[in-house]
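Open the structure in your viewer and keep the selection tool at hand. Each stop says what to select and what is there.

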Amino acid sequence: MDIKEYEEFCKNSKYGNFMQSADWAKVKKGWIPEYIAVRDERGKINGCTLVLVKKIPILNTAMLYAPRGFVCDTHDSKTVRKIFEQIKLIAEKYHAYTLKTDPLIDETDFISIKNLIDLGFVYHGEKQGYDNTQCRENYVLDIKDKSCDEVFANFKSKWRYNIRLAMRKGVECKFCGEDELDDFMELMKETGRRDGFEIRSEEYFRNFLQAFHGNAKLCIAKLDEKVLSGALLVNYANVASYVYGCSSNEYRKYMPNYLMQWTMIKYAIESGCRTYDFCGIPYWYDETHKNYGVYRFKQGFNGKVKTYAGEFDYVFRNGVNHIADLAMKLKKLV
């Protein structure tokens with residue numbers, strides 16, 4: 001498979017996603033990337049998929065994961081089947097026991113869901129929140145063919161006020177290089193302690209920035225020399241995705257997170273993106289959940305909730321399925 005040809009199709013497809021890119025494969029250390037592309041009658045690629053392979057040597061098997069795949073019109077059952085036939089060859093190569101995928105199809109897209117079920121996939125539409133590998137619910141903002149003024153005017157009035165307040169108070173927000181990673185990591189650790197989640201290593205974030213060749217950007221908000229908030233943004237397939245964020249416990253009254261989001265949204269508009277993806281809002285429907293504040297903050301930018309179908313599994317080897325799944329969970333490999 002010609003990786004350059006694969007990447008050219010994926011990044012220009014309306015079905016493309018940064019997790020299906022060859023650059024994302026570089027970020028996922030410890031996984032073996034396999035690339036699939038299928039073609040139409042004229043020989044042109046009309047579907048592709050990155051499959052990540054995690055070997056489990058002691059069991060002589062492997063797990064396959066196609067994050068946010070397949071990159072194609074999933075209503076086209078013929079193309080979906082052709083991709084899956086290629087995946088089965090990869091499964092044979094690695095003696096894989098299962099394939100997991102969580103495609104970017106809407107939860108109401110019953111044609112796409114049926115096409116996968118007809119191939120033998122087990123659909124896990126019942127999984128909610130953190131039970132999924134990737135969040136099912138994202139918050140997205142349509143910015144296609146819109147100006148910065150148009151988008152800003154559509155924010156809720158309090159959000160516009162807070163953005164202007166941050167600027168009046170002297171908060172500055174800009175995109176930085178790897179030299180700002182130390183400050184970013186300190187904020188990530190602070191945020192992890194405050195919100196109770198494990199954080200990635202500095203090596204991971206450095207690799208992320210390097211892998212995407214300038215399409216992954218670090219955004220930092222400061223007041224004088226004090227770092228107030230940070231974010232990591234990826235621009236891929238005309239979608240700007242806010243993937244990671246962190247903030248200080250102090251100086252919240254200066255509203256740095258509002259200005260930081262506006263800085264990234266402006267960049268997305270000026271870069272010609274069609275969508276700004278705020279990414280996950282797990283449990284957005286439950287006002288009593290500790291994560292509800294994440295949704296409350298993002299919804300002020302006046303986008304919309306996008307709920308995806310969720311996860312699909314295909315089992316190749318029933319005999320090792322449960323024990324291999326247990327091994328993967330114990331090692332936290334996904």
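Predicted model: local features only at pLDDT ≥ 70, side-chain atom pairs only at ≥ 80, totals over all residues.

Residues are numbered from 1 along each chain as its sequence is written, and side-chain values use heavy atoms, with hydrogens and water left out.

**Helix α1**

Select residues 3–12. This is helix α1, and F9 is found in it. Helices (H or I, at least four residues) and strands (E, at least two) are DSSP runs, numbered from the N terminus. Now show the contacts of F9 (heavy atoms within 4.5 Å). Leaving out residues up to four places away in sequence, F9 touches I45, N46, G47, C48 and V71.

**The sheet**

Select the strands β1-β2-β3-β4-β13-β5. In that order they form an open sheet of 6 strands with mixed pairing; strands pair if DSSP finds at least two bridges between them. Which strands stand at the edges? They are β1 (32–39) and β5 (122–124); each has a single partner strand, so one side of each lacks a neighbour in the sheet.

Move to β2 (residues 45–56) and β3 (residues 61–66). They run antiparallel, joined by 5 bridges. K55 stands opposite A62 in β3.

**The cysteines**

A search of the whole structure finds 0 disulfides (pairs of cysteine sulfur atoms within 2.5 Å). Select C10: the nearest cysteine sulfur, that of C48, is 4.5 Å away. C10 counts as buried because its relative accessibility is 0%; buried means under 20% relative accessible area, exposed over 50%, partly exposed in between (1.4 Å probe, protein chains only). End at C246, buried with a relative accessible area of 4%.
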